[in-house]
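I opened this entry to record what was looked up in the structure.

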Amino acid sequence: MVRMSRMALTLSVVIAGFVAFLAAVVTAVLSWLDGSRWPAAVLHGGAAFGSTLTLGALLIALYLSA
């Protein structure tokens with residue numbers, strides 16, 4: 001098992017959250033530019049946020065379990 005300091009783990013989670021937020025904003029804007037109305041674009045952005053944050057958390061867990 002990999003030993004990781006609390007500060008490094010917190011930074012990893014913050015970075016994963018920031019990347020997820022960027023993915024949500026980019027997905028919402030691209031969806032809106034593609035012709036979707038704002039509610040649908042925001043739903044697309046929310047789905048991107050959830051999936052990216054989940055992937056980030058799974059990657060952190062995988063790294064810690066190695």
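Predicted model: local features only at pLDDT ≥ 70, side-chain atom pairs only at ≥ 80, totals over all residues.

I took buried as under 20% relative accessible area, exposed as over 50% and partly exposed as in between, with a 1.4 Å probe and protein chains only. Helices are DSSP runs of H or I with at least four residues, strands are runs of E with at least two, and both are numbered from the N terminus.

Residues are numbered from 1 along each chain as its sequence is written, and side-chain values use heavy atoms, with hydrogens and water left out.

Next I checked the length of α2. Helix α2 comprises 28 residues (38-65), and at 1.5 Å a residue it should span 40 Å; its end C-alpha atoms are 40 Å apart, which agrees. The expected span is 1.5 Å times one less than the number of residues.

S31 lies in helix α1 and is buried, at a relative accessible area of 9%. Setting aside neighbours within four places in sequence, I found S31 in contact with S36, A41 and H44. Contact here means heavy atoms within 4.5 Å.

W32 also belongs to helix α1, but W32 is partly exposed, with a relative accessible area of 40%. Not counting residues up to four places away in sequence, W32 touches W38 and A41. I also computed the separation of W32 from L9, 23 residues apart along the chain: their C-alpha atoms are 35 Å apart.

Finally I took the whole-protein values. The protein has two helices and zero strands. Its radius of gyration is 15 Å, well over the 11 Å from the globule rule for 66 residues, so the protein is more spread out than a compact globule. The radius is taken over C-alpha atoms, and the rule is 2.2 Å times the number of residues to the power 0.38. Along the principal axes, the C-alpha trace spans about 45 × 20 × 15 Å. Buried residues make up 15% of the 66 residues. Of the contacts with a separation of 6 or more, 66% join residues 24 or more positions apart.
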